[in-house]
Amino acid sequence: MKNQPITTIISLVLVLNFNLLGQVENLPRSTPEAQGVFSSKILNFIETANQKVDSMHSFMLIRHGHVVAEAWWKPESSSKQHILWSLSKSFTSTAVGLAVAEKKLNIDDRVYQFFPDELPSKLSENLKNMRVRDLLTMTCGHQKEVKLNSDTNWVKAFLSHPVPHKPGTHFRYNTPGTYMLSAIVQKVTGKTVLEYLKPTLFEPLGIINPKWEKSPQGISIGGYGLFLRTEDIAKFGLLYLQGGKWEGKELIDESWVKQATSKQVSNGRNSLNDWQQGYGFQFWRCRHGAFRGDGKDGQFCIVLPNINAVIAITANARDMSGLLNLVWENLLPAFTDKPIKDNPEARSKLNLMTSNLKASK
């Protein structure tokens, strides 16, 4: 080695580092049948989604901790980050949970107390009673979302907005409320949510170079703006499936995982609507005993504890409900608790299909 030119040594070091990073980044792979999943039914899902969804971008299926299927519709790829839109909210919730575990805040703390310099001249009783918990559950008391733009102080605009409902009693999906969670985390930690999550979540999961857009005040937007790879989404779901544990280490307190992903408030009564199964801490409850983070146009991190599976999807889909229905109709029948005989022919068809996918737009 000592006789090698310095450029060769540098090249070898770079290769070794790349390989080590690759091992950290990637989840183990397996065949579908080895993990009790039928390749033929995965193929059916991909074919159906390819035909019916406006534009699929990526899909990854995890069973028993192994990636058993993955697909990218060109020009998307395994290395390309994708905007998560409101799926970002579940990561902001995680940051709140980590700050709670560090005793930097409590979910029953009053929101206004974190921002003494940005309060309106007169505080309504409902604003005084608004808690961090109410931001987490989309029940802060607003009737309409406050409009935020590049010319406003986002925290000040939120705190000046009317609060006609008693906090904790009225579910109203509220992206600015998630921004407030991000602002609170930054207040108590001195770091943006992105900076705070890098050593506590992203690095342990092997998530490389995450990006998160900021407000004009330099605060991670929280409710949207996060960019990650599809496999990063899958790993986040797997972490929650495992109760907050990763490679034997607890990254998120198990009690927080249970609270965040369970029904904290009601958001409707339609048993067939996946947006009316209850809401947790920036996670949606689903049918079939599942929970999910989701974002505009079909960004999904679906966790199915009953069958030990995670599904990650990115897309540009006008009908998010239709896409989710395709998961239930075509993928749920793919799972079995019994061993499945290897099916090379079905896997070959699946591999051929996934190697020739192109996004329609």
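**Strands and helices, questioned**

Reader: What makes β8 and β9 a hairpin, and which residue in the turn has a positive phi?

Author: This is a predicted model. In it, β8 and β9 form a hairpin with five residues between them. Histidine 288 sits in the turn, with a positive phi of about 65 degrees.

Reader: How do you know that β8 and β9 pair?

Author: Pairing needs at least two bridges between the strands. Two bridges join β8, residues 284–285, to β9. The strands therefore count as paired. They run antiparallel.

Reader: What joins β9 to β10?

Author: Five bridges do, and these strands run antiparallel. The cut-off is at least two bridges, so β9 and β10 pair. Arginine 292 has isoleucine 302 of β10 as its bridge partner. β9 and β10 form a hairpin too, with three residues between the strands. There, aspartate 297 takes a positive phi near 75 degrees.

Reader: Why is β9 called largely enclosed?

Author: Buried means under 20% relative accessible area. Five of the five residues of β9, 291–295, are buried, so the strand is largely enclosed by the rest of the structure.

Reader: Which residues cover each face of β9?

Author: Phe291, Gly293 and Gly295 lie on one side. Arg292 and Asp294 lie on the other. All are buried, and both faces are covered.

Reader: Where do these strands sit in the sheet, and what is the order?

Author: The open sheet has six strands, in the order β2-β1-β11-β10-β9-β8, with antiparallel pairing.

Reader: Why are β2 and β8 called edge strands?

Author: Each pairs on one side only. For β2, residues 66–72, the partner is β1, residues 56–63. Six bridges join β1 to β2, and the two run antiparallel.

Reader: Turn to the helices. Why are α3 and α8 called roughly perpendicular?

Author: Helix α3 covers residues 88–101 and helix α8 covers 193–205. They pack at an angle of about 75 degrees, with their axes 10 Å apart. Angles of 65 to 115 degrees count as roughly perpendicular. The angle falls in that range, so α3 and α8 are roughly perpendicular to each other.

Reader: Which residues make the contact of α3 with α8?

Author: From α3 come Phe91, Thr94, Ala95, Leu98 and Ala99. From α8 come Val193, Tyr196, Leu197, Thr200, Leu201 and Phe202.

Reader: How many of the contact residues are nonpolar, polar and charged?

Author: Nine are nonpolar, two are polar and none is charged.

Definitions and conventions: Residues numbered from 1 in each chain as written. Predicted model: local features only at pLDDT ≥ 70, side-chain atom pairs only at ≥ 80, totals over all residues. Heavy atoms only, no water. Axes fitted to C-alpha atoms, helices over the stretch in contact; angles between N-to-C directions. Helix = DSSP H or I, 4+ residues; strand = E, 2+ residues; numbered from the N terminus. Parallel < 35°, antiparallel > 145°, perpendicular 65-115°, else oblique. Contact = heavy atoms within 4.5 Å. Nonpolar A, V, L, I, M, F, W, Y, C, P; charged D, E, K, R; others polar. Buried < 20%, exposed > 50% of the residue type's maximum accessible area, 1.4 Å probe, protein only.
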